[in-house]
Amino acid sequence: MMPRLWPMVRKEFVQMRRDRLTAGIMFGIPVIQLLLFGYAIQTDVRNIPTVVLDESRTPASRDIIAAFQNTGNFRIVKHVNGRPELDAAIARGDAQAAIVVPEDYPRDLARHRTATVQVIVDASDPLASQAALAAAAGVAQARNLAMLAAEARRTTLPVEVRIRPRYNPGLRNPVYTVPGLVAVILTLTMVVIMSMAIARERERGTLEQLIVTPITRTELMLGKIAPYIGVGLFQMTAVLLLGRFVFDVPLTGSVVTLYAIALLFIVASLAFGLFISTLVRNQQQAMQVSFFYILPNILLSGFMFPRQAMPVFFQWISLALPITHFLKVLRGILLKGVGLEALWRETAILAGFSVLLIALAVRRFHKTLD
Amino acid sequence: MTDVAVDIRELTRHFGALTAVSQLTLQIARGEVFGLLGPNGSGKTTTIRMLCGLLDPTSGSASVAGIDIRTAPERVKMQIGYMSQRFGLYEDLSVAENLEFYGGIYGLRGAAQATRLAEVVAFLGLGNRMRQLAAQLSGGWKQRLALGCALLHQPPVLFLDEPTAGVDPAARRNFWRVIHELARTGTTVLVTTHYMDEAERCDRLAMMSGGRLIAIGSPTEVAAQVGGRSLEDAFIILQERDEAP
């Protein structure tokens, strides 16, 4: 059965070892991505540069300003003397937020009227402004609670909502990002490398020589894919180890189950790359098409943005991407510690994808030059 | 088996509006060294590619070693060796790795592969080059390696598309010695060429122009049919006729 598969695999493996660009893609991408997403990208914005306009200059105003500062979200860069200077600072981008304490703030406070503090945020930066708004609301709530409790002479709260963030108790970003990163890195490298596979042979003129031999289409396709399954598993291991020891991401569930399902996802990604390479004429086109494919993988899969928030149409599209299902598997096994009993549906879908995509690539490939 | 190794009947191939090969009919006998001669764009490469199964004919038929290229193209592939115009082997593999790969693809295993590889290496004198990467070989050695890979499965029919393009004269002479040796042992060789001295060394020739067969026969017969004193004359007459508006 498939007697020419093994020579094909061996040849691909030798070529892979000698190709510096491919080696760079295989080992460079995971490390760079992991560091970028693990360290550089933070959605909780701290130290927003802030200017203060204190029109009252009293102990009460200094007290409320200190409360803002103590949240850690606001970093006061300057005290300004009037509105024009404040507006200029925000317009120039020197500050992304401003706190205005009006002149009558201490008086209103003393007379038990509602005293007002104004917070202005630069909403052209969505993440920073959201963090500023949340922090400002928090300051107001804490203040109100303390004052009302003092007046009512109560030491206990009437109601308390206790929040338990399961699976990521510290709400730490890497815990959420690293499992998803495994899927994104695998998609990126597997699809890009494979999409160039046939295109490269066509460009170099080696495909012509290969297809005048009795090698079958299936042998050719499987022979291309097989060596890179190992690469994919290696990459996944590297990301998981870095995640575990650098970002302290837990590995709660069964490693065997994870690797078994990952195998299906890797095969599906490689087969899709191979499918792309049967559509294009050269490596440059292959690169363009695969990057066009990568984008929805990152944006729609639920890796960065929640799928529930998307219009139904885009949710459907995301279901047609293998990565969406593999993300559930990764988070399920790594963070929740669940097994096949909870993930059998995703596993079946990924198995379906890999068989379908290999069949598609084989069908699309013809042993002729036109 | 009959003594006709390659039987081409009214073979035609269009590329859009262009007719690359038109109603080509010819027979090549077993053990013959048969040359396809003609200016660029005369349809030589397209003909060879159709016979190898690399291009589907638009109409007409052909059989190679008794097998129909339209109904059983994959069975034809075990019967033929092919050298394309451009070096088609892996430059990032060594000579030995290329030979072993193609040996494996043609179904050679273990001791049988080692024996056959040793034969081909000795026949072509590749012994000292085995560990070199194909990319580091000169044109002449690349051509020998390509021929070696095409010979591993002892095909009864060889298709060589401008095998000596970019190869120095000494290497070309050597190459032709090898081709005649193969023909002596019963291999049929179909070769395209630009070089007149090479055309003279063929048993028979077919002259093509604009996708059509213009003349066929021994080199002197072909020259006479086109109306030149020599093959070179005939070739130039054809080329000028092609380039005339």
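Into which domains is chain A divided? There are two entries to note: domain 1 covers 5–41 + 172–364, and domain 2 covers 48–152. Please keep in mind throughout that this is a predicted model. The centres of domain 1 of chain A and domain 2 of chain A, taken over C-alpha atoms, are separated by 48 Å.

Let me turn to the overall form of chain A. Its C-alpha trace spans about 95 × 45 × 40 Å along the principal axes. The radius of gyration of chain A is 28 Å, whereas a compact globule of 370 residues would have one near 21 Å. Of the 370 residues in chain A, 37% are buried. In secondary structure, chain A has 14 helices and four strands. If we take the contacts in chain A between residues at least 6 apart in sequence, 80% of them join residues at least 24 apart.

In what order do the four strands of the open sheet in chain A stand? The order is 2-1-3-4, and the pairing is mixed. Strand 2 (74–79) and strand 4 (118–121) of chain A are at the edges; each has a single partner strand, so one side of each has no neighbour in the sheet. From one strand to the next, the twist averages 30°.

Within this sheet, strand 1 (residues 48–54) of chain A pairs with strand 2 of chain A in the parallel sense, over five bridges. Here Val51(A) is placed opposite Lys78(A), which belongs to strand 2 of chain A. Helix 3 (residues 59–70) of chain A packs on the sheet and touches strand 1, strand 2 and strand 3 (97–101) of chain A. The direction of helix 3 makes about 160° with that of strand 3 of chain A. Helix 4 (residues 83–92) of chain A lies across strand 1, strand 2, strand 3 and strand 4 of chain A, and runs at about 170° to strand 1 of chain A.

Two residues of chain A deserve a brief word. Tyr167(A) is found in the loop between helix 6 (126–152) and helix 7 of chain A. Most residues other than glycine have a negative phi. Tyr167(A), although not a glycine, has a positive phi of about 70°. Is Tyr167(A) buried or partly exposed? Tyr167(A) counts as partly exposed because 14 C-beta neighbours lie inside 10 Å.

Asn173(A) is in helix 7 (residues 173–204) of chain A. Asn173(A) has 17 C-beta neighbours inside 10 Å and therefore counts as partly exposed. Although Asn173(A) and Phe247(A) are 74 residues apart along the chain, their C-alpha atoms are separated by 9.5 Å.

Finally, I turn to the contact between the chains. How many residues does the contact take from chain A and from chain B? Chain A gives 20 residues and chain B gives 25 residues. Helix 1 (5–18) and helix 8 (206–211) of chain A each supply at least two residues of the side of chain A that touches chain B. Helix 1 of chain A provides the largest share of that side, five residues.

In chain B, Gln23(B) is in strand 2 (residues 18–29). Gln23(B) also has a positive phi, near 50°. Gln23(B) is partly exposed because 14 other C-beta atoms lie within 10 Å.

Methods:
Residues numbered from 1 in each chain as written. Chains lettered and ligands numbered in written order. Predicted model: local features only at pLDDT ≥ 70, side-chain atom pairs only at ≥ 80, totals over all residues. Domains from an automatic or database assignment. Rg over C-alpha atoms; globule rule 2.2 N^0.38 Å. Buried ≥ 20, exposed ≤ 12 C-beta atoms within 10 Å, placed from the backbone. Contact = placed C-beta atoms within 7 Å. Pairing = 2+ DSSP bridges. Axes fitted to C-alpha atoms, helices over the stretch in contact; angles between N-to-C directions.
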